[in-house]
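Here's a quick briefing to read alongside the sequence and the 3D view. Take a look at the structure, then go through the notes by topic.

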Amino acid sequence: MSTPFKRIKELKKNDKTYNKNYEFNEDNKLIIHIELNNINEAYSHFSSKNDYRLNSELKDYIEKENIIGIHDLHFQINCPDLVNHLEEQDIFIKTIQTTFLDERHICYKKYRMCNLKSLLFFIFGFIVLSISIIGQLPSIDMPVIFSSIEILAWVFMWEAIDGFFLQRPEAFAKYIHKAKLTESTYEFVSNK
């Protein structure tokens with residue numbers, strides 16, 4: 001899956017898609033419309049009575065509709081099976097939240113790993129670079145070995161910079177994207 005920033009860049013190339021008129025409610029929340037003929041369309045075939053799973057097509061639709069990724073979300077669900085059934089509504093809401101909460105935790109772990117790897121690579125690169133500098137003293141005569149160690153140190157330093165400035169923001173954007181999906185509001189409507 002691409003990040004929201006990459007997805008926006010892709011959509012800018014196709015003006016017809018990017019210039020879609022997004023609908024916002026009075027609280028400035030992006031409205032995502034979900035049309036279901038019946039509640040079974042929302043759940044995966046692998047769901048059980050105690051363990052509901054969101055249909056992968058519906059999950060993909062929700063993620064693609066939240067393309068901007070910076071607005072809070074409001075789901076407007078049109079499903080005749082859910083309009084007057086509070087228990088079914090709660091199950092449906094919990095299914096959506098659980099689906100994206102699991103992914104949110106994974107994204108947060110990736111974000112934390114980027115931070116940790118960057119720190120470790122920087123420390124290790126600094127130590128190796130220090131050894132390289134000490135090895136270049138006039139009393140030690142092994143220039144090829146210490147030049148190789150210096151190159152290795154800069155590789156570790158570059159990995160630290162790459163992780164911190166390039167990979168970490170992408171992981172954080174994915175985390176925010178999933179957080180917006182788990183913290184959304186819901187409204188059940190009937191147009192039939």
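Buried means under 20% relative accessible area, exposed means over 50%, and partly exposed is in between (1.4 Å probe, protein chains only). This is a predicted model, so local features need pLDDT of at least 70 and side-chain atom pairs count only at pLDDT 80 or more, while totals for chains, interfaces and linings use all residues. Residues are numbered from 1 along each chain as its sequence is written, and side-chain values use heavy atoms, with hydrogens and water left out.

**Ser-132**
- Ser-132 sits in helix H4 (residues 86-135); helices are DSSP runs of H or I, at least four residues, and strands are runs of E, at least two, numbered from the N terminus.
- With 1% relative accessibility, Ser-132 is buried.
- Leaving aside residues up to four places away in sequence, Ser-132 touches Phe-146, Ile-149 and Glu-150 (contact means heavy atoms within 4.5 Å).

**Salt bridges**
- There are eight salt bridges, each a side-chain nitrogen of Lys or Arg within 4 Å of a carboxyl oxygen of Asp or Glu.
- Lys-59 pairs with Glu-103, with closest N and O atoms 2.9 Å apart.
- Lys-59 lies in helix H3 (residues 56-65) and Glu-103 in helix H4, so this pair ties together parts 44 residues apart in sequence.
- Glu-103 also bridges to Lys-178 at 2.6 Å, N to O.
- Lys-178 is in helix H5 (residues 143-182), so that pair links parts 75 residues apart in sequence.
- Lys-59 is buried at 17%, and Lys-178 is buried at 4%.

**Asn-28**
- Asn-28 has a positive phi of about 60° although it's not a glycine.
- Asn-28 lies in the loop between helix H2 (15-18) and strand E1 (30-35).
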